[in-house]
Amino acid sequence: MKGPPITVKCECGAAKHVPYGEVWTCEGCGRRWNTGQIDADEYYAILREMRRFRLSAIGAAAVLAVVFTILALVVSQSLFLLLPVVLGAWYVWYMPLWRRKVRRRARSLPTWQLTPE
Ligand SMILES: [Zn+2]
């Protein structure tokens with residue numbers, strides 16, 4: 001499983017996105033930063049949480065699609081004509097909410113103190 005890269009900030013001010021478990025040698029000062037120093041349990045707990053966020057968006061979309069299909073079949077098939085409106089509302093209303101939630105969570109993610117090798 002490939003996780004999101006970790007932002008490593010070097011003491012000299014340089015920064016780079018490094019995949020988990022990889023070692024980055026700073027171009028500026030030659031310090032070596034090993035993301036493997038990060039506790040795997042902690043890292044994978046965050047991965048799982050991010051995946052749950054994605055699943056919640058997919059799940060909400062699936063529920064919406066099912067409810068809408070049932071409504072259209074039961075009430076009137078002309079409701080399908082409203083599908084673009086519903087999809088539009090989805091993008092305008094739900095996705096920004098979702099993105100805000102993810103961003104808020106991302107801001108409160110832990111930072112780790114690595115020591116150069
Ligand atoms: Zn550096």
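**Entry 1**

In which helix is A62 found? I located A62 in helix α1; helices here are DSSP runs of H or I with at least four residues, strands are E runs of at least two, and both are numbered from the N terminus. I noted A62 as partly exposed, at 40% relative accessibility; the scale calls under 20% relative accessible area buried, over 50% exposed and anything in between partly exposed, with a 1.4 Å probe and protein chains only. From A62 to Q113 I read 40 Å in space, C-alpha to C-alpha, for a separation of 51 residues in sequence.

**Entry 2: ground rules**

I am working with a predicted model, where local features need pLDDT of at least 70 and side-chain atom pairs count only at pLDDT 80 or more, while totals for chains, interfaces and linings use all residues. Residues are numbered from 1 along each chain as its sequence is written, and side-chain values use heavy atoms, with hydrogens and water left out.

**Entry 3: the zinc site**

Which residues coordinate the zinc ion? I found the SG atoms of C10, C12, C26 and C29, at 2.2 to 2.3 Å. Donors are N, O and S atoms within 2.8 Å of the metal (3.2 Å for Na, K and Ca), and sites may look incomplete because water is not among the atoms. The angles among the four donor atoms run from 102 to 117°, and the site is tetrahedral; for four donors that label asks for all angles between 85 and 135 degrees. For reference, the ideal tetrahedral angle is 109.5 degrees.

I wrote the donor spacing down as C-x1-C-x13-C-x2-C. C10 sits in the loop between β1 (6-9) and β2 (15-18) and C29 in the loop between β3 (23-25) and β4 (32-34), so this pair ties together parts 19 residues apart in sequence. C10 is buried at 7% relative accessible area, whereas C29 is partly exposed at 36%.

**Entry 4: salt bridges**

How many salt bridges does a search of the whole structure find? I got three, taking a salt bridge as a side-chain nitrogen of Lys or Arg within 4 Å of a carboxyl oxygen of Asp or Glu.

- E11 pairs with R31, with the closest N and O atoms 3.2 Å apart. E11 is in the β1-β2 loop and R31 in the β3-β4 loop, so the pair links parts 20 residues apart in sequence. I have E11 as exposed at 54% and R31 as partly exposed at 29%.
- R32 pairs with E117 at 3.8 Å between the closest N and O atoms. R32 lies in strand β4 and E117 in the segment after α2 (83-107), so parts 85 residues apart in sequence are tied together. R32 is partly exposed at 38%, while E117 is exposed at 51%.
- E49 pairs with R105, with the closest N and O atoms 2.4 Å apart. E49 is in helix α1 (residues 40-74) and R105 in helix α2, so the pair joins parts 56 residues apart in sequence. R105 is partly exposed at 23%.

**Entry 5: domains**

I noted domain 1 as 1-38 and domain 2 as 39-109; the bounds come from an automatic or database domain assignment. Their centres, taken over C-alpha atoms, are 32 Å apart. Seven residues from domain 1 and six residues from domain 2 make the contact, meaning heavy atoms within 4.5 Å.

How much area is buried between domain 1 and domain 2? I logged about 630 Å², with carbon and sulfur atoms giving 69% of it; buried area is the accessible area (1.4 Å probe) that two parts lose on being put together, summed over both. Across this interface of domain 1 and domain 2 I found zero salt bridges.

Terms used:
Four donors count as tetrahedral if all angles lie between 85 and 135 degrees; four count as square planar and six as octahedral if opposite donors are over 155 degrees apart and all others between 65 and 115; anything else is irregular.
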